[in-house]
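Please look over the fold, the cores, the salt bridges and the backbone of the chain below. A short report follows.

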Amino acid sequence: MEPSGTGRPSARPGSGADTAHSAPASRPRPAQPTTSPRPERTAGTVSPGEPASGAAADLAREVVRLANEERAKAGCAPLRTNSRLQAAAQGHADDMAARNYYEHDSPEGRDAGDRIEAAGYDWRKWGENIHKGPKSARIAMQDWMDSPGHRDNILDCGFKDLGVGVNLSPNGPWWVQAFGTPS
């Protein structure tokens, strides 16, 4: 399956970043989250909001390593793993798996900037890559590198931090990279 979207980098207004989308000057408060039954756990999966463990955590670390290898080839500094971006990425991977949708925006219309902010990351710029289906971190990364918008996020030297979410549910696997530059 093709990786989804263009990665949609975004920046706060006035940040001077050359991005595809700008965040609104003031954001409406997100609607209250809907409640749904807790998804059944499978090896390496978690409920939304919980850190990945086991095989999913190992795969997330491998994505970070591979992304930083690509950035080094392009002359970019390595991305730092950020726990808040990890939470946003894992939450989106888990939500897509639990509700079986494949989009950058949740069914309620929340985008990565909303998720990243809700996780407590004060961003000036953000980007997101999602993917469904690859069985390995290497394949997920190769697919992203073969897609111009996703590659642009990975090789954007302006990004400083990264969080990776992986959900190994049978209807996936689901992969999310959340990129950020703090305010």
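## Overall fold

From the N terminus on, the chain's elements follow the order β-β-α-β-α-α-β-α-α-β-β. That comes to five helices and six strands. The model is predicted.

The chain has 183 residues, and 48% of them are buried. Take the contacts with a separation of 6 or more: residues 24 or more positions apart account for 72% of these. The chain exposes about 8900 Å², with 51% of that area supplied by carbon and sulfur atoms.

Strand 5 is largely enclosed by the rest of the structure, because seven of its seven residues are buried. In a regular strand, side chains alternate between the two faces of the sheet. Here Asp 161, Gly 163, Gly 165 and Asn 167 point one way, while Leu 162, Val 164 and Val 166 point the other way. Both sets are buried.

Strand 5 pairs with strand 3 (residues 80-81) in parallel, through two bridges. It pairs with strand 6 in antiparallel fashion, through seven bridges. Leu 162 takes part on both sides. Thr 81 stands opposite Leu 162, and Phe 179 in strand 6 is also a bridge partner of Leu 162. A hairpin of six residues joins strand 5 to strand 6.

## Nonpolar cores

In soluble globular proteins, nonpolar side chains tend to be buried together. The largest nonpolar core of this chain has 20 residues. Met 141 and Trp 175 have the most contacts inside it. Helix 1, helix 4 (137-145), strand 5 and strand 6 each give two or more residues to this core. Helix 1 gives the most, with seven residues.

## Salt bridges

Side chains of opposite charge can pair when their charged atoms come close. How many salt bridges does the chain have? The count comes to nine.

Arg 65 forms a salt bridge with Glu 69, with the closest N and O atoms 2.2 Å apart. The two residues are four apart in helix 1 (residues 54-73), so about one helical turn separates them. Arg 65 is partly exposed, at 36% relative accessibility. Glu 69 is partly exposed as well, with a relative accessible area of 36%. 

Arg 115 forms a salt bridge with Glu 128, and their closest N and O atoms are 2.7 Å apart. Arg 115 lies in helix 3 (residues 112-118) and Glu 128 in strand 4 (residues 123-132), so the pair ties together parts that are 13 residues apart in sequence. Are these two residues buried or exposed? Arg 115 is buried, with a relative accessible area of 13%. Glu 128 is buried too, at 3%.

Lys 125 and Asp 156 meet in a salt bridge, 2.7 Å from N to O. This pair links distant parts of the chain, 31 residues apart. Lys 125 sits in strand 4, and Asp 156 in the loop between helix 5 (148-154) and strand 5 (161-167). Lys 125 is buried, with a relative accessible area of 8%. Asp 156 is buried, at 18%. Elsewhere, salt bridges that share partners join Glu 62, Arg 65 and Glu 69 into one network.

Most residues other than glycine have a negative phi, and most peptide bonds are trans. Which peptide bond is cis? The bond from Gly 172 to Pro 173 is, with omega near -5 degrees. Pro 173 is found in the loop between strand 5 and strand 6 (174-182).

Asn 100 is not a glycine, yet its phi is positive, at about 50 degrees. Asn 100 is found in the loop between helix 2 (83-99) and helix 3.

## A buried histidine

His 150 is in helix 5. How buried is His 150? Its relative accessible area is 0%, so His 150 counts as buried. His 150 and Gln 177 are 27 residues apart in sequence. In space, their C-alpha atoms are 9.6 Å apart.

Note on methods. Residues numbered from 1 in each chain as written. Predicted model: local features only at pLDDT ≥ 70, side-chain atom pairs only at ≥ 80, totals over all residues. Heavy atoms only, no water. Salt bridge = Lys/Arg side-chain N within 4 Å of Asp/Glu carboxyl O. Buried < 20%, exposed > 50% of the residue type's maximum accessible area, 1.4 Å probe, protein only. Contact = heavy atoms within 4.5 Å. Areas by Shrake-Rupley, 256 points an atom, 1.4 Å probe, with all protein chains shown as cover. Core = buried A, V, L, I, M, F, W, Y, C linked by side-chain atoms within 4.5 Å. Pairing = 2+ DSSP bridges.
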